[in-house]
Amino acid sequence: MRIVVKGKPNYWRFTLYSWLLEVRDILSLEIGEPVEVLLVDGESDEPELYINGLLVCVGVPGEEGYLIEVVKKAVASLRGCSRGDY
């Protein structure tokens with residue numbers, strides 16, 4: 001699973017990227033595959049979160065726990081399964 005944080009280099013982009021690095025192991029266990037986290041320059045002031053090339057979120061969730069849920073929900077949707085079946 002490839003997760004990309006894209007946007008202008010600023011505090012919020014770095015925050016989202018840092019949070020993903022902190023929860024990468026948890027996400028990997030939850031979704032059952034390795035997670036790669038990348039940081040990419042872009043034009044948006046708000047950080048954009050891409051999973052396997054698909055934009056799934058713009059901005060920063062309120063905390064790391066919400067970020068985990070955003071990623072898990074997006075992964076379930078990409079896999080065409082219900083939220084609990086990753």
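**Entry 1: an asparagine in a turn**

I started with N52, which is partly exposed, with a relative accessible area of 48%. I kept in mind that I was looking at a predicted model. Where does N52 sit? I found N52 in the loop between β3 and β4.

Next I looked up the backbone angle of N52. The phi is positive, about 50°, although N52 is not a glycine. I wrote a reminder beside that value: most residues other than glycine have a negative phi. The hairpin of β3 and β4 has two residues between the strands, and N52 takes its positive phi within this hairpin.

**Entry 2: the sheet**

From the hairpin I moved on to the strands. In what order do the four strands of the open sheet lie? I noted the order β2-β1-β3-β4, with mixed pairing. The edge strands are β2 (36-41) and β4 (54-58), and each of them pairs on one side only. On average, neighbouring strands in this sheet are turned by 25° against each other, direction ignored.

My reminder for this page: strands of a sheet pair through backbone hydrogen bonds, either parallel or antiparallel. I then checked two pairings that involve β3. Strand β1 (residues 2-7) and strand β3 (residues 48-51) are antiparallel and share four bridges. β3 and β4 also run antiparallel, joined by four bridges.

I3 has I51 in β3 as its bridge partner, and I51 in turn has L54 in β4 as a bridge partner. V5 stands opposite L49 in β3.

Are the faces of β3 covered or open? I found both covered: E48 and Y50 on one side are buried, and so are L49 and I51 on the other.

**Entry 3: the helices and the core**

Which strands does each helix lie across? Helix α1 (residues 11-31) lies across β1, β2 and β3, and runs at about 170° to β2. Helix α2 (residues 64-78) lies across β1, β3 and β4, and runs at about 40° to β3.

Then I turned to the nonpolar residues. In soluble globular proteins, nonpolar side chains tend to be buried together. Here the largest nonpolar core has 20 residues, and those with the most contacts inside it are I3, L20, L27, L49 and V71. At least two residues of this core come from each of β1, α1, β3 and α2. Which element gives the most? I noted α1, with seven residues.

I looked at L20 by itself. Leaving aside neighbours within four places in sequence, L20 is in contact with I3, V5, L27, V37, L49, L67 and V71.

**Entry 4: an aromatic pair**

How many aromatic pairs does a search of the whole structure find? I found one. The ring centres of Y11 and W12 are 4.8 Å apart and their planes are at 80°, so this pair is edge-to-face. The cut-off I used is that planes over 60 degrees apart count as edge-to-face.

I also asked how open these two residues are. Y11 is exposed, with a relative accessible area of 58%, whereas W12 is partly exposed at 45%.

**Entry 5: a serine and a glycine in loops**

I went on to S44, in the loop between β2 and β3. The side chain of S44 reaches the backbone oxygen of E46 at 2.6 Å. Beyond its neighbours within four places in sequence, S44 is in contact with G7 and K8.

G59 belongs to the loop between β4 and α2. Is G59 buried or exposed? G59 counts as buried, at 6% relative accessibility. Setting aside neighbours within four places in sequence, I listed L16, E46 and P47 as contacts of G59. Between the C-alpha atoms of G59 and S44, which are 15 residues apart along the chain, I noted 9.8 Å.

**Entry 6: two glutamates**

My last entry is about E22, which I found in helix α1. With 54% relative accessibility, E22 counts as exposed. How far apart are E22 and E64 in space? They are 42 residues apart in sequence, and I wrote down 8.6 Å from C-alpha to C-alpha.

Note on methods. Residues numbered from 1 in each chain as written. Predicted model: local features only at pLDDT ≥ 70, side-chain atom pairs only at ≥ 80, totals over all residues. Heavy atoms only, no water. Phe/Tyr/Trp six-rings, centres within 6.5 Å; stacked < 30°, edge-to-face > 60°. Buried < 20%, exposed > 50% of the residue type's maximum accessible area, 1.4 Å probe, protein only. Pairing = 2+ DSSP bridges. Axes fitted to C-alpha atoms, helices over the stretch in contact; angles between N-to-C directions. Contact = heavy atoms within 4.5 Å. Core = buried A, V, L, I, M, F, W, Y, C linked by side-chain atoms within 4.5 Å. Polar contact = N/O pair within 3.5 Å; in protein donor to acceptor, adjacent residues only side chain to side chain.
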